[in-house]
Amino acid sequence: MKKNTKLALNIFCLALLAAFLWWAQDNLNGYKVQVLNLVAVNAILAISLNLIYGFTGMFSLGHAGFMAIGAYVSAILILPAAQKEMMYILEPIIWPFSVMHAPFFVSVLAGGAVAAAFGLLIALPVLRLGGDYLGIATLGFAEIIRVIFTNITPITNGALGLKGIPGYANLGWNYFWCVVTFYVIIKLLSSNFGNCLRAIRDDEVAARAMGINTFKCKAISFAIGAFFAGVGGALQGSLITTIDPKMFNFQLTYNILMIVVVGGLGSVTGSMVGAVVITVLLEWLRFVEDTMTFGSFEIAGIPGMRMVIFSIALLFIILYRREGMIGGYEFSWDSVAKRFGKKGDA
C-alpha cells in the first residue's frame with residue numbers, strides 16, 4: 001500500500017476517534033466517560049511496560065514507582081500555590097516546590113522526564129542483572145519510592161497525599177497522549193533500534209556477538225518505558241484528582257502486567273486491545289463484590305473477588321494461551337490490504 005494512502009487512512013481514523021470522543025463527552029454519563037479515560041491511561045501504561053518486557057525481554061516490576069514519580073511531579077506543578085499552603089498541614093511545603101507552577105502539558109512532560117531520569121539512574125546498576133533478579137530489583141525500587149514519598153512530607157505531604165488536583169486529564173488530553181505513545185513506540189520499533197531490542201530479547205549473547213551494545217539499548221528502552229509510565233501516572237493523578245503513596249503499590253504494577261500478558265507480549269496492538277478488555281471487565285465485574293439476590297437467596301459480596309477472578313483467568317491464559325489474545329500480531333494497513341486482496345482473489 002502506498003505511503004500517501006496509509007497517511008490518509010491514519011488521518012481518517014484519528015478524525016473518527018476525535019468525533020467519537022466529542023460525542024462521548026456530551027452523551028455518555030460520567031461513569032462511562034471515566035471508563036473511557038481509564039482505557040486510554042491503561043493503554044499508555046501497558047504499551048510502556050510492553051516495550052520493556054515484551055520487546056526488550058526485561059522483566060520489570062517497577063512501573064508503579066515510575067507512575068508515582070510522574071503523578072507527584074505533575075500534581076505539584078499544577079496545584080496553585082495557595083492550595084499547597086492550605087493542604088500541607090503536617091509540615092509546610094518547602095521552596096521551590098511551594099511556588100512551582102506550569103501548564104498541564106508541561107507538567108505531564110516534566111513528570112515523564114523525571115521518571116525517565118530515575119529510570120536511567122537505576123538502569124545503570126540494575127540492568128546488569130537478568131531474569132527474576134531484575135524483577136526483584138525493580139520491585140524493590142518501586143517500594144523504595146513509595147516509602148520515600150511517604151516520608152518526605154515537606155515535598156509530598158507524606159501519607160496524607162495530595163487532594164484537589166486540578167482535573168485537566170479529560171478525554172482529549174488522555175487520548176492525545178495515548179496516540180502520541182502509540183506513534184512513538186511504533187516508530188521506535190520499526191527502526192533499526194527496534195530490531196536491536198528484539199535481538200536482545202531473543203538471544204542477548206548472540207546480539208552482543210553481532211556487535212550490538214546490549215547494555216546501552218536496554219538502558220534506553222528502560223528510560224523510554226519509564227518516561228511513558230511517568231506520563232501515565234501524571235494523567236491518572238489529574239484524572240482521579242487525588243494521590244497518596246498507598247496507591248502506588250505492587251498491585252498497580254500487577255494490573256498493568258495483566259493487561260500486557262492478556263493482550264500479548266511483544267505486540268503494541270495487543271496492549272491496546274488488552275487495555276480495553278481488562279479495563280471494561282474490571283469495571284463490569286464490580287457486581288461480584290456487591291450483595292447479590294437470587295429469589296429468596298442472598299449472597300453477600302466479597303471485597304476483592306473481581307481480582308481473584310482475574311487472577312484465575314490470568315493463570316489459565318498463561319497455561320493454555322501464553323501468547324495472549326493477540327499474540328505477536330501487529331495491526332497494519334498492509335496486512336489489511338493483503339487479507340482483503342486474498343478474499344478478492346478467492
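**Figure 1. Packing of helix H3 against helix H6 in the predicted model**. Helix H6 (residues 131–151) packs on H3 at an angle of about 35 degrees, the two axes lying 8 Å apart; axes are lines fitted to C-alpha atoms, for helices over the stretch in contact, and angles run from 0 to 180 degrees between N-to-C directions. Helices (H or I, at least four residues) and strands (E, at least two) are DSSP runs, numbered from the N terminus. From H3, Gly65, Phe66, Ala68, Ile69 and Tyr72 make the contact, and from H6, Phe141, Ala142, Ile145 and Phe149; contact means heavy atoms within 4.5 Å. These residues divide into 8 nonpolar, 1 polar and no charged, where Ala, Val, Leu, Ile, Met, Phe, Trp, Tyr, Cys and Pro count as nonpolar, Asp, Glu, Lys and Arg as charged, and the others, Gly among them, as polar. The model is a predicted one, in which local features need pLDDT of at least 70 and side-chain atom pairs count only at pLDDT 80 or more, whereas totals for chains, interfaces and linings use all residues. Residues are numbered from 1 along each chain as its sequence is written, and side-chain values use heavy atoms, with hydrogens and water left out.

Figure 2. Phe141 counts as buried because its relative accessibility is 10%; buried means under 20% relative accessible area, exposed over 50%, and partly exposed in between (1.4 Å probe, protein chains only). Residues up to four places away in sequence not being counted, Phe141 touches Gly62, Gly65, Phe66, Ile69 and Ile122. Asp334 is 193 residues from Phe141 along the chain, and the C-alpha atoms of the two are separated by 41 Å.

**Figure 3. His63 in helix H3**. Helix H3 spans residues 63–78 and includes His63, which is buried with a relative accessible area of 0%. The side chains of His63 and Ser48 are joined by a polar contact of 2.8 Å; a polar contact is a pair of N or O atoms within 3.5 Å, and within protein one must be able to donate a hydrogen and the other to accept it, while residues adjacent in sequence count only if both atoms are side-chain atoms. When residues up to four places away in sequence are not counted, His63 touches Leu45, Ser48, Leu49, Ile52, Gly225, Ala229, Thr253 and Ile256.

**Figure 4. Leu77 in helix H3**. Leu77 is buried, at 12% relative accessibility. Its contacts, neighbours within four places in sequence aside, are Met100, His101, Ala102, Ser107 and Ala110. Leu109 stands 32 residues from Leu77 in sequence and 11 Å from it in space, C-alpha to C-alpha.

**Figure 5. Packing of helix H9 against helix H11**. The axes of H9 (residues 192–202) and H11 (residues 214–240) are 10 Å apart and form an angle of about 110 degrees. H9 is therefore roughly perpendicular to H11, a term for angles of 65 to 115 degrees, with those under 35 degrees counted as roughly parallel, over 145 as roughly antiparallel and the rest as oblique. Phe193, Cys196, Leu197 and Ile200 of H9 meet Thr214, Cys217, Lys218, Ile220 and Ser221 of H11. The contact comprises 6 nonpolar, 2 polar and 1 charged residues. Thr214, in helix H11, is buried at 6% relative accessibility. Apart from neighbours within four places in sequence, Thr214 is in contact with Ile200, Glu204, Ala207 and Arg208.

**Figure 6. The largest nonpolar core**. A nonpolar core is a set of buried Ala, Val, Leu, Ile, Met, Phe, Trp, Tyr and Cys residues joined through side-chain atoms within 4.5 Å. The largest has 90 residues, and Phe66, Leu162, Phe222, Leu235, Ile243, Phe248 and Met258 have the most contacts inside it. Helix H2 (residues 30–55) gives the most to this core, with 15 residues. Setting aside neighbours within four places in sequence, Phe222 is in contact with Ile52, Met58, Ser60, Phe66, Gly119, Ile122, Ala123, Leu127 and Thr138.

**Figure 7. Backbone geometry at Pro96, Asn157 and Thr241**. Most residues other than glycine have a negative phi, and most peptide bonds are trans. Trp95 and Pro96 are joined by a cis peptide bond with omega of about 10 degrees; Pro96 belongs to the loop between helix H4 (81–87) and helix H5 (104–126). Asn157 has a positive phi, near 70 degrees, and lies in the loop between helix H7 (153–156) and strand S1 (162–163). Phi of Thr241 is also positive, at about 60 degrees, and Thr241 lies in the loop between H11 and strand S2 (242–243). Asn157 is buried at 1% relative accessibility, whereas Thr241 is partly exposed at 30%.
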